[in-house]
Each structure stands twice: as structure tokens, then as C-alpha cells.
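Please keep the sequence and the structure in view while reading.

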Amino acid sequence: MNKLEYIEALEISKRLVTELVRFPAKPGKATVDLRTAVGKFLAEFPTMADNWVLGTELLNCFELARAAGATLNSMARLRATMFAEVPARHMGTTIVNAAILFSFIEESEIIAVQVFKSRGEVAELMDAMGVAIEDIKLNKADSFAANDYQAFVKIAALLIQHMSATERQLPRVVQYTWPIHYPSLALSNRIYGEGSRSEELIAENKVVHPLFMQRQILALSV
Amino acid sequence: MATIQEVSSAPWRKRLVPASYGSARFHVEQQGRSGGRRVVLHEYPKRSQPFAEDMGRTAFRYQMTGYIIGPSYHEGKRALMKVLDEQAGATLIDPYIGEPKKCICERYSVSETRERGGYCTFEMTFVELGSPGNFPEQVNSLRQLQNVAQTAMKSIAQTANVQAALPPGDPRAGQ
């Protein structure tokens, strides 16, 4: 690796790991491991490529970030940062491509275990991921290795399939309009036939006082 | 003592196999099998041409008259009655065709007479068990996504390892 290539790749890597650790991390071993792995990645950067472990170490950083509580937003932000990079050399391109794919796959893994409340929530996320998928396909497909591109297409398809399957099983959020201001308990009884879901209505509609719910409220259909 | 198959070795006789239902064996006095197609016949007013619409195969049905004979025929009778009452059905071996078929017993009756000691007759009707319909296959999309994601990340990391180590344009980089 020549010097210019090394400098460019290292600079990209620094920006990458800065984004990778920018999320409200849960205190604990996973966060410590992430910090250690990121430090190691930057410190041993020159020898990693020669030892054929650069991709594996980068993957390890991403996996630890997810374990430490990385969010969808942090991964999307990281991907946007990598999209903004315009590497001129081979090594820089390799790191940018791997980081874009890893961030997308980590997002998929985060979504896979996410608990959704309503169809609208899933549909919104599905639209956002659809845009991300199209973005990657249009702008980065040419620079990916054939195997990596095939893997990306497969993951993208499975992600959309999983989200559609999840969406189908969830209730819709519907808008109710009432003639007067009811207490949350009364609305819970009127909508669901039980009072135990009044807390859910309060949370969904962000009311000032539960005795006086808005006349127009949002609630799950079942 | 020689068996009937050794005495008269007609080809059809050689192909006979012992009849059984599940683990219970019995002898067959007579049997019949019915099958065919399910057809809806459309006969239109003012038209001489009917139309027989095929709606699929009819389930096979077996009507069998079997018997169990011998000094300890009671044990065989109990074993056969137990398996005939099974909710999940069992494998029926038709002695003439010899091909095992998963069936369930719709109805049976056992009869014994004073004149014929050590002998009981079973009248049995079996119907093909088949498989439950209208249950589309459920894919565990979560597990599938997680498995493929893990495999893909390892493969992408491997590509990055190779590409970072090799000079640009090297065919081994797989670009």
C-alpha cells in the first residue's frame, strides 16, 4: 500500500468510526468492547490490510456497535457519511463499499428484532428502507464486487418481505372523532370494551391531562 | 407343511402379501376398492350437450371383510380394534396390490358366532388419509433474514479482506 492510499483510507476510516460510535450507547461490556475494537481498528490499520483481516475487523466493529445499542438513525447517518465520501483510491473505495453494505445489513438486523405497534409504523419504515435500497442500487452497484451485490439484493428482498409479513399482522391506526372531551378511561371502554388500554391512548395522543382527551384521537383499530 | 404358494405357484398368488393395518395383521376374505373422479354434471336447458366438469380425484375407499382365526385370536382381535380406533390413521396394506397406503378407518364391525369358535370377522371401511389442505406454507421471515444477513456480512468482510490486501486490478479481488 502506498502512502497516499494509506492516508486516504485512514482518513475515511476515522470519519467512519466517529459515526459508528455516535449513538446513545448502553453502559456495559458491549460498549467497552466497541470502543476497544474501534481503537484497535485505527491503531492497527496499516497491518490489517497486509494480514487480510481489514474487512473482518470492520465487520467486528459494526457487530459490536449493534450489540451496544446502535440505532437505525445512527446506521443511516453513517451510510449517508459514506455516501458523501469520494475516494480516489482502491483501498478507500473498499472501505466505503464495505461500510455501506455493513450499515445496511445492520439496519436490517435491527429492524428484524424491532417490535412494531401499528401498520403505519412499519409502512413508514418500509418506505424509508425502500429509498435507501434504491440509493445504493443506483449509486453504488457498479463499484461492488459481484458477490457483494448479489448478497445485498438478497438481503434487501428479504427485508422487504419480512416487513410486509410483519405489517400484515398488525392493527391499523385510525382516527376517532368524538362530540365531547371524554376521559381516557371512558374512551378505552368505548373503543376496546375494556378500561385497561387507557394508558396506551394517553401515550399515543400525548394528552395534557387524561381526564380531558382531545376530541380527535388516534388509536389502534383493535 | 407346504404353503399354498408352493403348491400352486401362479404369478398372482406369488404377489400376494399379508394384509395389515398399522401393526395388526389379519386375513382377507374379500375386498373392494373404489376411486374415480369427482364430477359435476352441467345439463343446460334447451341444449342437448351436457358438460361434465372434473373437480379432481375422489379419495380411495376400501371395503374389506377380514378375519382373524386361531386359538389366540382374541389378542389379534384386540390389536386390530385398537389400531382401527386410532385417530391418526395407519398404513393399510392391501394384499392384492401390496402398496402401503395411509388410511383411516371410517367404520368397522366385528362379529363372532357360536358355531365358529376361535374365529371373528371384521367388516371395515377405510378411506385415504391424504394431507390437510388450504394451509399455505408459513415462512419464518425473521429467522431467514437473520441467517442470510450473517452469511452475507461474512462474505462481504471476506471480499474486503481480499480487496484491501491485493493491488487494484488483481483478478483475485473479484471486482
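Which element gives the largest share of the lining of the second largest pocket? The largest share, five residues, comes from H8(A). The model is predicted, so local features need pLDDT of at least 70 and side-chain atom pairs count only at pLDDT 80 or more, while totals for chains, interfaces and linings use all residues. Residues are numbered from 1 along each chain as its sequence is written, chains are lettered from A and ligands numbered from 1 in the order in which they are written, and side-chain values use heavy atoms, with hydrogens and water left out.

**The interface of chain B and chain A**

- Contact (heavy atoms within 4.5 Å) joins 25 residues of chain B to 34 residues of chain A.
- The size of an interface is often given as the accessible area lost when the parts come together.
- Here the buried area (accessible area, with a 1.4 Å probe, that two parts lose on being put together, summed over both) is about 2600 Å², and carbon and sulfur atoms give 69% of this.
- On the side of chain B, B:Leu145, B:Met153 and B:Ile156 lose the most area to chain A, together 25% of what that side buries.
- By class, the side of chain B that touches chain A has 14 nonpolar, 10 polar and one charged residues; Ala, Val, Leu, Ile, Met, Phe, Trp, Tyr, Cys and Pro count as nonpolar, Asp, Glu, Lys and Arg as charged, and the others, Gly among them, as polar.

- A pocket is an open set of points on a 1 Å grid over the protein atoms alone, with protein on both sides within 12 Å along at least five of seven lines; lining residues have an atom within 4 Å of a point.
- The second largest pocket holds about 260 Å³ of space, a volume being the space filled by probe spheres set on the points, which are joined across faces, edges and corners.
- It has 12 lining residues, and the closest to its centre are A:Ala165, A:Arg168, A:Gln169, B:Val139 and B:Ser141.
- Helix H8 (146–168) of chain A and helix H4 (141–165) of chain B are the elements that give two or more residues to this lining; helices are DSSP runs (H or I, at least four residues), numbered from the N terminus.
- This lining has three nonpolar, seven polar and two charged residues.

Conventions
1 Å grid on protein atoms, 1.4 Å probe; cavity = no way out; pocket = protein on both sides within 12 Å on 5 of 7 lines; lining within 4 Å.
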